Amino acid sequence: MSDFTAEQVKSLVEKIVGPIEPAGATHVDGERFENLKVMCELVDSLVTEIDGVGMHKDSHMASVKKAGEYASDFITKNLGVVE
């Protein structure tokens with residue numbers, strides 16, 4: 001089990017990637033747009049990985065099925081993605 005909470009990981013990622021919120025100043029927003037692209041790529045990669053776990057929701061192995069169901073529920077209920 002991880003020693004980090006989701007909020008701690010989020011904070012670390014934000015520090016590594018940098019701010020993404022536009023400031024309304026061209027000299028700042030170019031860099032923030034690049035940060036936004038990195039953050040979007042990361043989220044896409046994470047969602048793809050979680051979706052891959054969700055493919056195991058019908059497994060005959062209890063622990064694999066549990067993880068698959070959790071991931072599948074997250075994708076459909078939290079993100080609103082329908083199959």
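**Pocket and helix packing**

Modeller: Helix α2 gives the largest share of the lining of the largest pocket, 6 residues. This is a predicted model: local features need pLDDT of at least 70, side-chain atom pairs need 80 or more, and totals for chains, interfaces and linings use all residues. Residues count from 1 along each chain as its sequence is written, and side-chain values use heavy atoms, without hydrogens or water.

Colleague: How much space lies in the largest pocket, and what makes a pocket?

Modeller: About 230 Å³ lies there. A pocket is an open set of points on a 1 Å grid over the protein atoms alone, where a 1.4 Å probe fits, with protein on both sides within 12 Å along at least five of seven lines; lining residues have an atom within 4 Å of a point. Here 13 residues qualify as lining, and V13, M39, L42, V43 and L46 are the closest to the centre.

Colleague: How many residues of each class are in the lining of the largest pocket?

Modeller: It has 11 nonpolar, no polar and 2 charged residues. Asp, Glu, Lys and Arg count as charged; Ala, Val, Leu, Ile, Met, Phe, Trp, Tyr, Cys and Pro as nonpolar; the others, Gly among them, as polar.

Colleague: Why are α1 and α2 called oblique to each other?

Modeller: Their angle is about 140 degrees, with the axes 10 Å apart. Angles under 35 degrees are roughly parallel, over 145 roughly antiparallel, 65 to 115 roughly perpendicular, and the rest oblique. So α1 and α2 are oblique. V13, E14 and V17 of α1 make the contact (heavy atoms within 4.5 Å) with N35, V38, M39 and L42 of α2.

Colleague: What makes α2 and α3 oblique to each other?

Modeller: They pack at about 130 degrees, with axes 7 Å apart. That angle falls in the rest, so α2 and α3 are oblique too.

Colleague: Which residues in α2 and α3 meet?

Modeller: V47, I50, D51, V53 and G54 in α2 meet A67, G68, A71, S72, F74 and I75 in α3. By class, that contact has 7 nonpolar, 3 polar and 1 charged.

Methods. Points joined across faces, edges and corners; volume = space filled by probe spheres on them. Helix = DSSP H or I, 4+ residues; strand = E, 2+ residues; numbered from the N terminus. Axes fitted to C-alpha atoms, helices over the stretch in contact; angles between N-to-C directions.
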